[in-house]
Amino acid sequence: MDFLIGWLAIIPSYATPLLLASLGLIICERAGVLNLGAEGLMAVGAMTGAIIVLSGGNPWAALGGGAVAAAALALLFGLATVVKRADHTLSGLAIVAIGLGMTGVLGRPYVQKTFPGIETLGDLFGIDRGTVFGRIVAVQDPVTIALPLVVFALWWWLQKTRSGLRLTAVGENPAAADVAGIDIQLTQLAAVLASGVLCGLAGAYLSVATSHVWVEGMVAARGWVAIALVIFARWNPARALLGALLFGAADALVPRLQAIGADFPVYLTMTAPYILTLGVLVLSSLRGKTSGEPGFLGRVYLRQDKH
Amino acid sequence: MIDTLHQSGGRGTLFPGTPPALDLRGIDKAFDGKPALVDASFSLEWGEVHAIVGENGAGKSTLMNVAAGVYAADGGEQTIDGKARSPRSPMEATAAGLGMVHQHFRLVQSFTVSENILLSLGRDSRIRTPAQAAAAIAAKAAEVGLPVDPARVVADLSTAERQRVEIVRVLLLGARILILDEPTAVLSEEEAKMLLSFVRRLARQGHAVVLITHKFREVAGFCDRITIMRHGKTVMAGAPVADIDEGEVARLMVGEALAVSERPLSSPGAVNLSVSGLTQKPDRFGQGLNALNFELHAGEVLGIAGVGGNGQEELVACLTGLSRQDQGSIRLGGRDLSRASPYDRRKAGLRIIPSDRFETGLVRELSIAENLALTQVAKGNFGGTFFLNRKGMRHAATAAIQSFDIRGASPERAAALLSGGNAQKVLLARELDAGMKVLVAHSPSRGLDMKATLFVRNAIKQAVEGGAACLLISEDLNEVLSLSHRVAVMNRGSIAGCRAIGDVTPEWIGALLAGHV
């Protein structure tokens with residue numbers, strides 16, 4: 001019972017960064033830009049967040065700072081892919097390399113220094129930790145609690161509003177969107193920036209809200225998991241919430257099992273999220289055409305006019 | 001005769017004294033220096049259905065794309081409803097009340113009908129949600145009598161249904177001038193009839209409709225006036241349909257320059273290629289083939305004329321072995337090649353000049369020498385299993401560059417860097433070799449300048465005089481008529497007729513092209 005409660009309590013904090021990053025990627029890929037740079041963007045967000053808190057900043061400002069820093073890197077990615085029409089895959093991998101490399105160098109003075117994170121609901125509202133409900137809810141933070149609302153808002157925007165439709169149209173059929181008078185490049189650039197903000201937020205959440213420390217490589221492939229999550233979610237924010245909880249649960253299992261001293265190979269449990277990711281991708285590929293993948297994802301649109 | 005501009009009359013001119021709905025004068029347009037429209041003109045009245053006819057490449061679509069703001073004209077004047085307007089984008093044209101439905105629909109497949117239409121509405125439109133759009137679509141569809149279900153996903157709709165969505169969208173955006181670019185080409189007989197009756201109804205309600213078409217039947221049955229274009233010029237402007245007969249339309253479409261010198265075969269050679277009962281079911285996008293039969297003799301050019309998209313691509317694919325026919329046989333020099341691979345067909349003596357020289361002809365990234373050697377290396381002509389004989393390839397390429405007069409080229413130059421004419425010469429140098437028995441040439445001079453065109457045609461002539469047989473498939477009538485000993489016309493996947501060159505008349509070709517007989 002203790003094991004179960006402890007596990008349930010930490011699932012949201014594992015799911016939150018995955019969900020934040022995949023929501024960003026959903027926006028970006030709905031506009032047709034394949035963003036494989038999530039891992040790098042998250043690393044920049046995580047490091048920036050840690051530096052801001054360690055320099056005496058407010059943890060909330062740290063989350064914002066992480067988002068802005070990652071958005072700056074995403075802008076570089078956007079300039080390459082959207083404006084200069086560079087290959088999406090290669091540019092994305094370059095962003096990963098830049099993000100990981102940069103954080104490794106710039107973050108060196110801040111490694112392994114712990115700092116206070118954002119307040120939990122227990123701190124804010126003085127929730128009694130005696131009950132089962134209290135034990136699970138008290139450790140949650142405002143970001144996690146607000147996320148379902150964000151998911152709903154994003155889903156509603158994509159499905160029900162004209163601007164959301166325009167974004168999706170750009171990723172599905174840019175020629176049709178072009179004829180409808182939509183500025184393709186502007187839309188894609190905005191979408192790339194949004195993915196930068198959300199991936200940065202995800203990274204900053206990891207360091208500021210979850211681990212309260214910056215360590216090089218702490219993103220630990222969560223950016224790649226988020227990319228798989230988008231495919232699992234069929235580019236739908238509501239399904240991304242479900243997927244994030246599933247992936248988060250698998251991810252959270254490792255420390256819980258270690259905590260109760262279960263005796264089995266730690267490497268096996270550590271690879272669980274990746275095996276789950278791989279399984280999900282295989283299953284998704286079997287679905288074929290109904291995968292929900294944007295029709296023009298990762299391709300470069302050149303207008304065929306003859307002006 | 002040529003200039004019959006501003007004809008009055010026709011059964012559709014319901015509003016005498018009002019300015020024309022659309023007026024285009026002296027429109028010039030060139031693509032990459034090649035003129036597509038030369039002083040073209042067109043005038044459309046309110047309340048009429050006006051047909052624009054002409055061969056492929058006559059400039060019909062280009063002229064209407066200028067009117068609809070897709071292309072910017074190089075010169076000329078345009079008025080919409082009497083006001084000088086030259087829309088610079090489709091949106092501007094729509095705002096001015098003119099909408100065009102293109103041959104290729106611009107719809108997002110994964111969206112519903114209402115979502116698609118919502119997408120194209122301007123920012124200031126009162127319709128903001130899919131539900132509001134659905135209501136507006138239903139209302140407009142009922143008003144004009146065109147069945148459209150706003151809730152369905154476009155990917156699940158038939159071609160005819162998608163076309164109706166496009167039409168309702170254009171009308172909903174406020175178009176009162178409707179341009180339909182070959183709308184019936186993708187429709188069944190029944191669907192076409194329905195669309196054309198709808199178009200008539202629309203005109204009666206006071207709209208103005210332009211119908212781009214190849215089919216005289218549609219002109220005679222549903223249009224008020226007709227404008228004929230040839231080589232980017234308006235050769236007949238807005239004549240009342242009642243005053244003109246099919247023969248005259250065919251003659252004006254095709255031109256007077258058809259008179260061809262007779263070119264009888266001195267002595268018909270052996271049958272090099274024999275195709276019988278070649279049948280292929282139509283796939284989702286293409287045209288099927290209906291039991292094609294023809295024989296090709298040594299020393300003969302059989303020209304296949306026809307408007308593009310009537311099965312030419314499919315015929316070439318079946319002959320080359322890139323796709324497999326459902327029924328029928330292909331025999332080359334007595335050997336049955338019906339199920340042979342492209343490589344075996346090539347070994348048997350089949351050579352191809354594809355319509356897109358960089359799609360199935362040359363490899364862009366490879367050098368001229370490598371492209372030339374491409375069909376030879378498998379036979380071991382340039383080295384054995386492990387080593388290529390680069391020196392031999394270079395020598396062969398140098399010789400080819402000389403004999404085919406490939407300009408500004410060295411053997412090491414990448415094929416992608418060649419001009420269209422020189423790339424075609426590389427292709428000819430490779431295909432017209434000693435082993436050739438049958439040459440399938442698909443639009444061999446497409447996109448080439450006059451000099452390169454002559455070169456290509458001479459090369460084909462020489463090849464045929466050397467004992468090969470050539471199947472020349474081309475949308476360019478002049479090309480077919482200048483090279484062929486016999487001419488066949490393809491229409492809707494069938495051979496509509498075949499005559500010796502001496503018996504070919506403009507009326508005959510025109511009627512077959514237009515889908516008659």
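Between chain B and chain A, the count of salt bridges is 0. The model is a predicted one, and the contact between its two chains can be described by other features. Residue pairs in polar contact between chain B and chain A number 4, with both residues of each pair at pLDDT 80 or more. On the side of chain B that touches chain A, β1 (22–31) and α3 (113–120) of chain B each supply at least two residues, and α3(B) gives the most, with 4 residues. Sorted by class, this side of chain B has 13 nonpolar, 6 polar and 6 charged residues.

The extent of the contact was also computed. Chain B contributes 25 residues to the contact, while chain A contributes 17 residues. Together the two chains bury about 1800 Å², and 61% of this area lies on carbon and sulfur atoms. Of the area that chain B buries against chain A, 28% comes from B:R106, B:F111 and B:L119, which is more than any other three residues supply.

Chain B also holds an open sheet of 6 strands, which follow the order β16-β17-β18-β13-β19-β20 and show mixed pairing. Because β16 (350–353) and β20 (494–500) of chain B stand at the edges, each with a single partner strand, one side of each is left without a neighbour in the sheet. From one strand to the next, the twist averages 15°. Strands of a sheet pair through backbone hydrogen bonds, in either a parallel or an antiparallel sense. The parallel sense is found for strand β17 (residues 438–442) and strand β18 (residues 469–473) of chain B, which pair over 5 bridges. In β17 of chain B, whose span is residues 438–442, B:V440 stands opposite B:L471 of β18(B). Helix α17 (residues 506–513) of chain B lies across β19 (486–491) and β20 of chain B, and the helix runs at about 25° to β19(B).

Side chains of opposite charge can pair when their charged atoms come close. Although the count between chain B and chain A is 0 salt bridges, a search of the whole structure finds 20 salt bridges over all chains. One example is formed by B:K140 and B:E143, whose closest N and O atoms are 3.6 Å apart. Both B:K140 and B:E143 lie in helix α4 (residues 130–144) of chain B, where a separation of 3 residues places them about one turn of the helix apart.

Key:
Residues are numbered from 1 along each chain as its sequence is written. Chains are lettered from A and ligands numbered from 1 in the order in which they are written. This is a predicted model: local features need pLDDT of at least 70, side-chain atom pairs count only at pLDDT 80 or more; totals for chains, interfaces and linings use all residues. Side-chain values use heavy atoms; hydrogens and water are left out. Contact means heavy atoms within 4.5 Å. Buried area is the accessible area (1.4 Å probe) that two parts lose on being put together, summed over both. A salt bridge is a side-chain nitrogen of Lys or Arg within 4 Å of a carboxyl oxygen of Asp or Glu. A polar contact is a pair of N or O atoms within 3.5 Å; within protein, one must be able to donate a hydrogen and the other to accept it, and residues adjacent in sequence count only if both atoms are side-chain atoms. Ala, Val, Leu, Ile, Met, Phe, Trp, Tyr, Cys and Pro count as nonpolar, Asp, Glu, Lys and Arg as charged, and the others, Gly among them, as polar. Two strands pair if DSSP finds at least two bridges between them. Axes are lines fitted to C-alpha atoms, for helices over the stretch in contact, and angles run from 0 to 180 degrees between N-to-C directions.
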